[in-house]
Amino acid sequence: MKKNKLIIALAMFAFLVNSCSESNLELNNPNELAPETFFENEAQVQSAVNAIYVNLQTRGLYTRHMFFMMDNMAHENGGNNQLEADKKQYLEFTFDSSHGAIKAYWDSCYRGINKANFVIGNEEKINAILPSEMSDIAKKKFIGEAKFLRALYYFFLVTRYGDIPLVTIIPETTEGFPKSSKEDVYQQIITDLTEAAIGLLDKADEESGRATKGAAYALLGKVHLFRKEYGRPMTAFNNVTGYTLEPNSDVTGAGANNVTFRGQEYGFNDWFNVFPSDDLLNVYEDGDTRFADTFYVNGDTFGPSDTVIDAFPSNGGGNAGWKKYQNYYKDDNEDQASGINMSVIRYADVLLMMAECENEIGTQDNAVDYINQVRQRPSVMLPILPDGLSKTAVFEAIVHERQVELAGEQTRFPDLVRWGLAADVLGGFGFQAGKHELFPIPGAEISSNDNITSADQNPGY
């Protein structure tokens, strides 16, 4: 297997120069870091920026729950008998405001935002660092990383909770902030990404795992797409240059970078808490090599000794196991510190979003060209889609391609929500229109934030 070239590899690595644990990087009282003396050289600035990345690697996000949330709600997964109750609640849409991991998701994002605000709030101090200690290019790129990450965390929040507190400063009191409209949040995200793109480095010039100019433009285009501003994403997407499609759609471990439980949680030869749903398995076309890149089935081999799979554990009824994001191509068993880096946006995703924009503005043949780039890469080589398709036919092709290309990459549920298809596809599993498009505001936030009350809770909770 070959590892994809990711547009945002955001390797949640544990983490580079001067890295620390999440606990000792928490900026609950940033004044203790004495910013008037802290930002004096490049190593200190990098350390503060590294701290922002750390919150991606937490229980509420990529270490454990984000993949369960999105994959289970989308019913790309089925649950085996031993799947824990809080993760079954994603499958059944029975979570409420007391759900611990939904609060952890909220907290992880806001802690990351707090750390980003610490860096951005000291931009003047950083720019005053002597050239002998830090170049202007480095200053711009680290500040750009902070703005990119703040935008990413806010994107995670606004798409899952809607109206939320918009915090762009380091809080000086404990009373909390009121909810802002999602429109204001999106405008801040757009501003941050636009400014970040100016200072970030190109992929070829940046260390693997850090935000790049292409990453900022890719996320900016995605934000406009989610807002149904179909003419605007293309300007951003056209700046995503220097990327190519890898032969396979699989995503495998390559080095001890990310610490995530996903390998063990999903691994058919380990905890096997979930399995690929039959609904997902059945949408692949005959001859689509991405099926074999994404799943293990009976008769496949795994591990260094090419062990043959003759049956999956009979603890829930799964007919396949996940291959994507698993290390079984090189190991017999997963471990709790999987080195797999999670994909946020990759080039195939960008091409399919470009297709969606072209389709919505009425240039269906251009949309088909982008879809065919994904379908016709050498290792896939599925029949090309012809020109002259209707808008409806092209949209259906996009829905299909995104489902099979990006399976298990936490894109399906947000796609169904923004397309207005979630109730049709997921209604039989408990999804309620007007409620489950959003998570509940965590009850603990309502209890502790003086500026949010139960009247601010999202509908239906």
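I worked from a predicted model, in which local features need pLDDT of at least 70 and side-chain atom pairs count only at pLDDT 80 or more, while totals for chains, interfaces and linings use all residues. Residues are numbered from 1 along each chain as its sequence is written, and side-chain values use heavy atoms, with hydrogens and water left out.

Entry 1. I looked up helix α3 (residues 42-54) against helix α8 (residues 136-161): their axes come within 10 Å and cross at roughly 15°. Axes are lines fitted to C-alpha atoms, for helices over the stretch in contact, with angles from 0 to 180 degrees between N-to-C directions. Helices are DSSP runs (H or I, at least four residues), numbered from the N terminus.

Entry 2. I then took helix α6 (residues 100-120), which packs on α8 at an angle of about 155° with the axes 9 Å apart. α6 is therefore roughly antiparallel to α8.

Entry 3. I noted the contacts (heavy atoms within 4.5 Å). Residues of α3 that meet α8 include Val-45, Val-49 and Tyr-53. In α6, Tyr-105, Trp-106 and Ile-113 are among those that meet α8.

Entry 4. I turned to the second largest pocket, which holds about 370 Å³ of space. Its lining has 18 residues, and Thr-159, Lys-182, Tyr-186, Phe-226 and Val-417 lie nearest its centre. A pocket is an open set of points on a 1 Å grid over the protein atoms alone where a 1.4 Å probe fits, with protein on both sides within 12 Å along at least five of seven lines; lining residues have an atom within 4 Å of a point.

Notes. Helices (H or I, at least four residues) and strands (E, at least two) are DSSP runs, numbered from the N terminus. Grid points are joined across faces, edges and corners, and a volume is the space filled by probe spheres set on the points. Angles under 35 degrees count as roughly parallel, over 145 as roughly antiparallel, 65 to 115 as roughly perpendicular and the rest as oblique.
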